[in-house]
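Take a look at the structure below. We will go through it one interface at a time.

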Amino acid sequence: MSQKKSGDFGTWLMHIFLGFNALIMLYPIIMMALSSFKTNNEIFSAPFALPKSFNLDNFAVIWNETDVPRYFLNSTIVTGISVFVLLVIGTMAAYAVSRYKFRGNIMVSLFFLSGLMLPLRLAIIPLFIQLKALGLVDNLIGLICIYTAMSLPATVFIMTGFLRSLPSELEDSARMDGASELRIMVQIMVPLITPAMVIAGIYNAVPIWNDFFFPLIFIQSPESRTIAQGLTSFFGEYSVNYGVLYAGLTMAALPIMVIFIIQSKRFIAGMTAGAIK
Amino acid sequence: MSTLTEENYKSASVRRKRLRQLWIAFLLFPAVTILATFVFLPMISAIWYSVYEWDGLVRGDFVGLANFAEVLFNPQSNKFLFNAFFNNVKVFVTLMIVQNGLALALALLLAREPKGYRFYQVVFFLPVILSTVIIGFQWKLFLNPIFGLVNTFLRMVELDSWALPWLGLPETALGSMLIVNAWHWVGFPTLVFLAAIHRIPKDLIEAARLDGASEWNIARDIIWPLMAPAVTIIVVLTFIGSFNWFEIPYIMGGLEGSPAYSTDMLGLLFYRTAFGSVSAGNSDFGTGSALAVLIFIFIFTFSTIATRYLTSREVELS
Amino acid sequence: MAQIELRGVTKQFGDVKVIHGADLVIEGNEFVVFVGPSGCGKSTLLRLLSGLEEQTAGEIYIDGERIDHLPPAKRGLAMVFQSYALYPHMTVFENMSYALRVAKKSKAFIAEKVGEAAETLQLTELLDRKPKALSGGQRQRVAIGRAIVRDPRVFLFDEPLSNLDAKLRVQMRIELTNLHQQLKTTMIYVTHDQVEAMTMADKIVVMRSGNIEQVGAPLELFKKPANKFVAGFIGSPAMNFFDGHVTKIDNQYHQIRLANGVEFVCKLSNQKLSVNDRVHLGLRPESLTPNVKGDGTFKGTSSTVERLGAQTYIYLKTEIGEDIIVHHLGDLEIKSGESIEVSFNIAECHLFGPDEQRIEIDG
């Protein structure tokens, strides 16, 4: 819809409404970041003022005295491996479902599709017993297995959509050129859906990185905690030191926010991928 | 040359077909195995577990539907269930009106592509990418009755009587959390709606404008019916999210739904029942599983009905 | 050089039979066009030949060697697709060399082969470009080049020109014909456009709903269509048809009365018809002449007249509502709404029996 005569009352109202909302969305995040540079004293005496200096004392406390760096590492490992495995096996399955006619194709598709509707959180008890039996409780591998399994249906769903849109003549052409099925997949088809893989990757990486429910149940020892979960224990320890708490939150939020601001288009496309047909 | 028999030709093609099947099986195997092991098996086990008595991690006798009876009819515990359930209902209704209503308004405005349109999209979506843990703690700090920014601000503008312990009063705790939740998530439905509006062919809207429709007419008569698929998805996702609501109340109100169970949710109750707590006593996998099955049946039934109903009002854009 | 033979080739998708036992011989170096309306099975037949689809029954031979059990790449064929199917992420060089690279040919050999083909098709300047940066005609040439580098025994074309605009289509038609003369290789070309078929083919295979209706040289099909379908499909504008029946048979002289009342007598040595049998008379638009006496005359009202200067098309409606198209060479001053008469000569008539098969007219 094109912009119409600007300057009329309605347009002003729209800008005020949008601007006000933007302020409400942004201000708390800015306050969180600013407060992380303040001492406790400053926070109490001049909560809305700019920090006196941008000193990094609070961040130094976190870096030197807490396990937060370790949490970061754990989250990176869990998210990285889960998303990698997920994309590889999810794309393989989606490729089979979308590019080949075979008996049971519909059954397999329905199997993946029904996975979309199962809230795994409600099966946490059997899952706990199962992982305990496999020795995967309090183990990052356990989390990786859960995240991979949980995110597979959506990944297969998204990738199937993209793979279906590729023309079958490309495949035929490669077949005429003598390429094997594996080669067709790896050299011809997959390179064409890398944008889709980025979207599916973001779609899954963000919730996995942010999740704290599963670590809450499956991870106990401090050295295995993820960042989202680690924040809870960190909050217990430093409950009176506001500056450090804000610094911890800012640190936890920073990496994903930076990536988001650089790649906002892809992020928005990725995170809404499941909800937009 | 043609020294091969008809049998040889047949077997060559059979071999090719078999190879093709092996390849497809290879592609499907890892995904199917992992999904079956870590999603389907536990889901099925949950039903199975709910009809047994449990002692910690050890399965005891078959007890039929006793665990379900315990959850639903034991007056000691079912008051928690009904309290939590109605809180979840409140969550759903409020989020539908506040969060999704605001999202719709924002999307309709953004669809006009005003100046700063890209910037607004990024800003509205920014909280969505952050962990609920960060959001929860951040707002817990902001809402601190004495040092929190919210009350400091209210006192600054001389509204001292409004400077309440927001998370400490049963009347305001849930509402505060819902506003935080809306703040966290509003960007998501906004951009889903926006994408849906952008998919409506511009010709249609221009045709309506030529027919003399006002902006309000266009929004009501053209955009709203044609964005129905996005509405379906958002309503269903909001429903599922509301009845699985856990992180925000857990972080901001604690496992017992403080204050006074005013922020208790089915998710928290389930967690307490399954893994034990002050109010629910020891960990009980039997009643926990029964509760999980009931919640699942409820969510599944209603989201299916809702999807059916909402899809029936969708119009195919040809 | 390669001669191709199909014997009883049948294809079934589930319960649906799409090719009903095709028998066909294609001689070496021929340019053969499969033509027919969409859904007639011509593309399926091509895909069976290529090996992309496997036949349900029947045999396929190239130069006497049975090939229907071989995977596509081992059949010595190359195919040019309707959408060209160029690999979008590869350069022109990579596209053209892909098959050779898969076959692990040496770098020098690949460079030479691609260089040669690029030269022939004037693609040398474009070898480093991606398909996205090429025009439609250039993409088409890359697709052909990709086929050429493989030195195939047979070229298969699946509606390769249908994505081009009209002007380019005519140009590529000529280029393809020249290429065939240059390469002297068997080419099989699928199209639904009978003009392409008529202009390019040495031999046309007309198909309808999974059956081969007629095989022959373009003018043979035009002059002696084997049945009503082929008669109506080949030629533009399409042949006019009139329903009628036999009213009298006197020795070989058959009297035929059309539904619109026109009667005529013709000599048929084929004696299969009897009185009251339904027949169809076919007349090409150019066989009808306005305002001249002939063996028979239709009366009608012109609904539309298209005067192009060098030729005139007149659309007539007869009293019983039949539509007739008349093609007249030269200009003719007729207004729409005018009633006119057009006549025909027996010698230019096509007659089809109750089974819609051709009946030879002897005079």
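Start inside chain C, in this predicted model. The centres of domain 1 of chain C and domain 2 of chain C, taken over C-alpha atoms, are 38 Å apart. Where do the two domains lie in the chain? The domain assignment of chain C puts domain 1 at 4-233 and domain 2 at 240-359.

The two domains touch. Domain 1 of chain C brings 10 residues to the contact, and domain 2 of chain C brings nine residues. About 890 Å² is buried between them, with carbon and sulfur atoms giving 54% of that area. What polar links cross this interface? The rule finds four residue pairs in polar contact, both residues at pLDDT 80 or more. It finds zero salt bridges there. On the domain 1 side, helix H7 (218-223) and helix H8 (228-233) of chain C each supply at least two residues. By class, that side has five nonpolar, two polar and three charged residues.

Now move to chain A and chain B. Their contact takes 90 residues from chain A and 94 residues from chain B. The buried area between these chains is about 8600 Å², and carbon and sulfur atoms give 82% of it.

Here the rule finds two salt bridges. One of them joins Arg20(B) to Glu181(A), with the closest N and O atoms 3.4 Å apart. Nine residue pairs are in polar contact across the interface of chain A and chain B, both residues at pLDDT 80 or more. Which helix gives the most to the side of chain A that touches chain B? Helix H1 (residues 9-35) of chain A does, with 14 residues. That side of chain A has 69 nonpolar, 13 polar and eight charged residues.

Conventions. Residues numbered from 1 in each chain as written. Chains lettered and ligands numbered in written order. Predicted model: local features only at pLDDT ≥ 70, side-chain atom pairs only at ≥ 80, totals over all residues. Heavy atoms only, no water. Domains from an automatic or database assignment. Contact = heavy atoms within 4.5 Å. Buried area = accessible area lost by both parts, 1.4 Å probe. Salt bridge = Lys/Arg side-chain N within 4 Å of Asp/Glu carboxyl O. Polar contact = N/O pair within 3.5 Å; in protein donor to acceptor, adjacent residues only side chain to side chain. Helix = DSSP H or I, 4+ residues; strand = E, 2+ residues; numbered from the N terminus. Nonpolar A, V, L, I, M, F, W, Y, C, P; charged D, E, K, R; others polar.
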